[in-house]
Amino acid sequence: LNDAAIEWEEREGEWSEIEALIKEFLTEQSQTQAAVYGITMAQNILGDSDMIEVLNGCAESVKQHPNVAKIAERMAIVERTSKGQPFVDFEIVTADGVAKLSDYVGKGNVVLVDFWASWCGPCRREIPNVKAAYDEYKDKGFVVVGVPTNDIPENTLSALQEEGVDFPQMLGVERQAIGAKAYGVRGIPTMVLFDADGTILGRSNSIEALSEELAEALK
């Protein structure tokens, strides 16, 4: 596996090739301890759906290995919070008391929850796209809720002002990642779209990838 990965890197191969390489290796080694090494490598390369598929095919001895157990636990959370599943509630201590996801989700509106941070370049670049979708659909029952993740509250507030964001934020009194852990978020931005009844319609790192689900839900 290492030799193939080095060869791929030297010739500057396509990303899809290394994904396929690792999936093939893990499929072949799913019942052996060699899969432990492959999974630790795969967690930074494969997408969530591929990681779930790989782990579901592995032997229990692989899943229970100390190097894999935490990865498997996180991916089990992702699977429980994937498309078609009911929303998972969480709460954050804020300056005004306690904010719960259920304050927004499952209340009859289509809701986009955006896990982001002021220090995250891709998050900041995605904000104008989220604002555009919000402006387009807010009169049809569309709500956007930001969940600042691993961010200093003062920096979050400065970023919100700089970006001209006016939709609500579940802003904690300290740096936190409670919501991100509840949804198995591995990287930000991560966006989760909920139907009016709280059912998860999809999750992605961009609003564009959820545009079809959003438009359909608001028909």
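Q: What makes the place of Cys123 part of a helix, and which helix is it?
A: Cys123 is found in helix 7. Helices (H or I, at least four residues) and strands (E, at least two) are DSSP runs, numbered from the N terminus. The model is predicted, so local features need pLDDT of at least 70 and side-chain atom pairs count only at pLDDT 80 or more, while totals for chains, interfaces and linings use all residues. Residues are numbered from 1 along each chain as its sequence is written, and side-chain values use heavy atoms, with hydrogens and water left out.

Q: Why is Cys123 called buried?
A: Buried means under 20% relative accessible area, exposed over 50%, and partly exposed in between (1.4 Å probe, protein chains only). Cys123 has 2% relative accessibility and therefore counts as buried.

Q: Which residues does Cys123 touch, not counting residues up to four places away in sequence?
A: Contact means heavy atoms within 4.5 Å. With that exclusion, Cys123 touches Trp116, Ala117, Ile188 and Pro189.

Q: What makes the link of Cys120 and Cys123 a disulfide?
A: A disulfide is a covalent bond between the sulfur atoms of two cysteines. The sulfur atoms of Cys120 and Cys123 are 2.4 Å apart, and the pair forms a disulfide. By this rule the count comes to one disulfide. The link of Cys120 and Cys123 is right-handed, with 80° about the S-S bond.

Q: Why does Cys120 count as buried?
A: Its relative accessibility is 5%, so Cys120 counts as buried. Cys58 is buried as well, because its relative accessible area is 6%.

Q: Where does Ser118 lie, and why is Ser118 called buried?
A: Ser118 lies in the loop between strand 3 (110–116) and helix 7 (121–137). Ser118 counts as buried because its relative accessibility is 13%. Not counting residues up to four places away in sequence, Ser118 touches Arg124, Asp151, Asn155, Thr156 and Ala159.

Q: How do you know that strand 3 pairs with strand 5?
A: Two strands pair if DSSP finds at least two bridges between them. Five bridges join strand 3 to strand 5 (residues 190–194), and the two run antiparallel. The bridge partner of Leu112 in strand 5 is Leu193.

Q: Where is Gln176, and what makes it buried?
A: Gln176 is placed in the loop between helix 8 (153–163) and helix 9 (178–182). With 9% relative accessibility, Gln176 counts as buried.

Q: How do you know that the side chain of Gln176 makes a polar contact with Pro148?
A: A polar contact is a pair of N or O atoms within 3.5 Å; within protein, one must be able to donate a hydrogen and the other to accept it, and residues adjacent in sequence count only if both atoms are side-chain atoms. The side chain of Gln176 reaches the backbone oxygen of Pro148 at 2.8 Å. A polar atom of the Gln176 side chain also lies 2.8 Å from the backbone nitrogen of Ile178.

Conventions: Disulfide = S-S within 2.5 Å.
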